[in-house]
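Me: I'm new to this structure and would like to learn how to read its helices and strands. Could you walk me through it?

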Amino acid sequence: MASQYGIETRPVVLGPLSPPSPPVANFEPISLLPKLIPVYTQLLSELRVAGVEWVQIDEPILVLDKAAPYASQYETVYAELVKDAPKLLVTTYFARLDSNLDFVAKLPIAGLHVDLNREPTQLEPTIAAIKSTNLVLSLGLVSGCNIWKTDSTAIVELGRKAIAALGHDC
């Protein structure tokens with residue numbers, strides 16, 4: 001394992017509520033939750049035992065309107081996942097959380113990652129939503145596809161704005 005060599009890792013898994021493939025007619029991926037949750041809890045428990053401090057859970061569905069009806073399922077699922085797990089960082093990308101931000105900020109997770117590269121205007125609402133929580137905020141500031149087009153002045157300013165609002169340990 002990497003930890004034997006002094007390397008700290010952050011495993012990344014697709015979230016249990018984000019479907020891994022294109023939609024199939026008359027099939028709701030949420031119907032698989034009863035079978036998925038035990039698998040996720042076992043994986044997360046084993047990672048914790050192995051010494052992993054953080055696990056990134058990608059939930060790209062959270063930037064879509066269709067996630068909102070499942071707000072209570074998110075709360076239930078993540079309440080179960082965190083019981084015997086490392087710290088969980090829920091990651092979104094390519095769009096804004098918009099109305100989903102309200103319930104995502106209340107999930108029992110340790111951190112939230114938002115994409116500011118494509119949606120820099122979501123920083124202020126995100127800060128407002130998590131300011132009274134203990135969530136760590138992770139910011140996506142650079143496009144991996146267009147790194148040469150990055151406006152370094154603008155991303156530094158976004159980072160400073162987050163630090164000014166949340167502190168250095170955000």
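**Reading a helix and a strand**

Reply: Happy to! This is a predicted model. Let's begin with helix α1, whose buried residues are L33, I37, Y40, L44, S45 and L47. Seen down the axis of α1, these buried residues fall within an arc of 160°, so they line one face of the helix.

Me: Why do residues that are apart in a helix point the same way?

Reply: An α-helix has 3.6 residues a turn, so residues three or four places apart point the same way. On the other side of α1, K35, V39 and V49 are exposed.

Me: What do the buried residues of α1 pack against?

Reply: They pack against β1 (12-14), β2 (54-58), α2 (71-81) and β3 (87-91).

Me: Now for strands. How do side chains sit in a regular strand?

Reply: In a regular strand they alternate between the two faces of the sheet. In β4, G111, H113 and D115 point one way, L112 and V114 the other way, and all are buried. With five of its five residues buried, β4 (residues 111-115) is therefore largely enclosed by the rest of the structure.

Me: Which strands pair with β4?

Reply: β3 runs parallel to β4 and is joined to it by three bridges, with L89 opposite G111. β5 (residues 136-140) also pairs with β4 in the parallel sense, over five bridges, and L112 has L137 as its bridge partner there. From β4 the chain crosses through helix α4 (residues 123-130) to β5, and this β-α-β crossover is right-handed.

Key. Residues numbered from 1 in each chain as written. Predicted model: local features only at pLDDT ≥ 70, side-chain atom pairs only at ≥ 80, totals over all residues. Heavy atoms only, no water. Buried < 20%, exposed > 50% of the residue type's maximum accessible area, 1.4 Å probe, protein only. Helix = DSSP H or I, 4+ residues; strand = E, 2+ residues; numbered from the N terminus. Arc of directions from axis to C-beta. Contact = heavy atoms within 4.5 Å. Pairing = 2+ DSSP bridges. Right-handed = clockwise from strand over helix to strand, strands pointing away.
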